[in-house]
Amino acid sequence: RASFSPKEEDILFIDEEKRQQDEFADFMDNYQDRVELICCYPLPSLDETIEMINEYHPDAIVSDFKLNDIKEDIKYNVSFDGSELMDAYLEERPGFPCFVLTSFDDQAIYKSHDLNIVYLKRDLHPSKDDKITFADRILQKIVGYQTEIAQSQDRLNELMELRRNNQATSQEEQELISLDSFLERSLGKKTQ
């Protein structure tokens, strides 16, 4: 198993069914010492849902694929699916830990811009032979993303120091601009 920092991570799970939210919470019970799970319903529009996500400030997002399928717990139409939601969020925050859970992998893979974020719901019930669980994948993606941000911030600081001392090359100036842009986008549009 991969090792993770003791810091508690906030994982946001989005599904239109309370029963599915409860099942995901049961699955994450083994990780409650490292994870704060927040379950919520999708809102009617994509923009509203992204705004809700930003209000929670999660470290990762897991969404069901079909968000308008069973409307026992919500009484409105959801105008998007989980792949569209994750693609839109990744437009705002490239590289952010996003995952789509589905029983309809052929549809989800076809709709998603990134096939690597689509996972089957059966992955929530690993076999004894599985060396890494879906929860481990989420946590590892969070660690990787946070590490990339920290390394980018350190390198940006180095480049800023070179610039202050008039020692930055044109290539380093270009790298500085690129890192600054990446770090701004990693914060999300509202925080930039």
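Me: Buried means under 20% relative accessible area, exposed means over 50%, and partly exposed lies in between (1.4 Å probe, protein chains only). Which is serine 63, buried or exposed?
Reply: The model is predicted, so local features need pLDDT of at least 70 and side-chain atom pairs pLDDT 80 or more, while totals for chains, interfaces and linings use all residues. Residues are numbered from 1 along each chain as its sequence is written, and side-chain values use heavy atoms, without hydrogens and water. The relative accessible area of serine 63 is 0%. That makes serine 63 buried.

Me: Which residues does serine 63 touch, and in which strand is it found?
Reply: Contact means heavy atoms within 4.5 Å. Residues up to four places away in sequence are not counted; the partners are Ile14, Gly82, Leu85, Met86, Phe99, Val100 and Leu101. Strands (E, at least two residues) and helices (H or I, at least four) are DSSP runs numbered from the N terminus. Serine 63 belongs to residues 60–64, strand β3.

Me: At what angle do α2 and α3 pack?
Reply: Axes are lines fitted to C-alpha atoms, for helices over the stretch in contact, and angles run from 0 to 180 degrees between N-to-C directions. Helix α2 covers residues 46–56 and α3 residues 82–92, with axes 10 Å apart. The pair is oblique, the class left after roughly parallel (under 35 degrees), roughly perpendicular (65 to 115) and roughly antiparallel (over 145). The angle is about 60°.

Me: What kind of aromatic pair do tyrosine 89 and phenylalanine 96 form?
Reply: Rings of Phe, Tyr and Trp (its six-membered ring) pair if their centres lie within 6.5 Å; planes under 30 degrees apart are stacked, over 60 edge-to-face, the rest tilted. Tyrosine 89 is buried at 0%, and phenylalanine 96 is buried at 3%. Their centres are 5.3 Å apart, with 70° between the planes. The pair is edge-to-face.

Me: What kind of pair do phenylalanine 99 and tyrosine 119 form?
Reply: Phenylalanine 99 is in strand β4 (residues 98–102) and tyrosine 119 in strand β5 (residues 118–120), 20 residues apart. Both are buried, phenylalanine 99 at 4% and tyrosine 119 at 16%. The centres are 5.8 Å apart and the planes at 50°, so the pair is tilted.
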